[in-house]
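I opened this model to look up two things.

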Amino acid sequence: MELHLIIFFMIFAAIVAVEAKDLLSSLIGLSAAGLGLSLAFLILKAPNLAITQLVVEILCVIILIHATINKDIPLVKDGRWLFNTIATFIFVGVFLFLAFLALRELPAFGAPLMNVSKDYLALGQAKTGADNLVAAITLNFRSYDALGEAAVIFAAVIGVLAISRKTGKIDE
Amino acid sequence: MNNQTGMSLIVKTITRLTVGLILIYGIYIMLQGHIGPGGGFAGGVIIALSFIHLILAFGRKAVFQKMNEARGLIYIASGALAFLLLSTLGFLGISGVGFMPFCDTAVALLVSSGLFVMFLVLIGLASKEKRI
């Protein structure tokens, strides 16, 4: 149920990002879609990917805003500062309340987090037939992760080939 | 093979003896990644190093007849596609014992041909700049 809500939110944010007139609004729509993806990872019980998605999203948004902030900045100078301030405080309050609810659910500091990993340790050799448990996790249980690393290497090689190719280049 | 290109006769003779061993060691590291330390990435780098060893000893022209940029691109693409296929098979529930050497082989194909083609392109650039 929450997953469907988040997916509809992401689709809406993506449409806003494509259709917005100025670059800053489109960037905010893009980052909203990325935040929704991070939440979807959290709901699907993949906190590792959620953290990665969140960090990469923050970095990309910082770079993109830095690149576009000087191009066009919508200046709002009419007297809406009271509404803006009240809305900001309301959102901060809602965020703190939700964060308080979420942080109470976390296990205590130092408690072992072995919800998924104990299955890896117990059933890893029987399920994959690999004595090397690290390889069993990286290539079999977390094969999707290794696919991302292989895609990074592929993109790096193709990028080097595309930059240093001989044909199709304009001679200086 | 003429003796004009590449390094001296001693280096060429020793290279003829050792390059096969290096290649076999790379394949061994690649295939035993699920038993001991090793795996596709390390094995692929060793396989690429054996080809680079050949280039350093015999010169570029001797190796370009066997392996060039276009053929390397085919290997890169086939390795990436094979690993994509293997790692998305998990969505269908197809996984199990004896599955990991294939994953390692696909990764090693991608990594070895990728590093080798990168090296080829970079030394191609270097030689072109030296000629100018």
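Ground rules. I worked from a predicted model, in which local features need pLDDT of at least 70, side-chain atom pairs count only at pLDDT 80 or more, and totals for chains, interfaces and linings use all residues. Residues are numbered from 1 along each chain as its sequence is written, chains are lettered from A and ligands numbered from 1 in the order in which they are written, and side-chain values use heavy atoms, with hydrogens and water left out.

Contact. I looked up the residues in contact (heavy atoms within 4.5 Å) and found 32 from chain B and 26 from chain A. The buried area, meaning the accessible area (1.4 Å probe) that two parts lose on being put together, summed over both, is about 2,200 Å², with 75% from carbon and sulfur atoms. F83(B), M100(B) and M118(B) supply 23% of what chain B buries against chain A, more than any other three residues. I checked for salt bridges (a side-chain nitrogen of Lys or Arg within 4 Å of a carboxyl oxygen of Asp or Glu) and the count between the chains is zero.

The space in the largest pocket is about 1,900 Å³. Of its 47 lining residues, L44(A), K45(A), A46(A), P47(A) and N48(A) are the closest to the centre. I sorted the lining by class and got 27 nonpolar residues (Ala, Val, Leu, Ile, Met, Phe, Trp, Tyr, Cys and Pro), seven charged (Asp, Glu, Lys and Arg) and 13 polar (the others, Gly among them).

How values were computed. On a 1 Å grid over the protein atoms alone, a cavity is a set of points where a 1.4 Å probe fits but cannot get out, and a pocket is an open set with protein on both sides within 12 Å along at least five of seven lines; lining residues have an atom within 4 Å of a point. Grid points are joined across faces, edges and corners, and a volume is the space filled by probe spheres set on the points.
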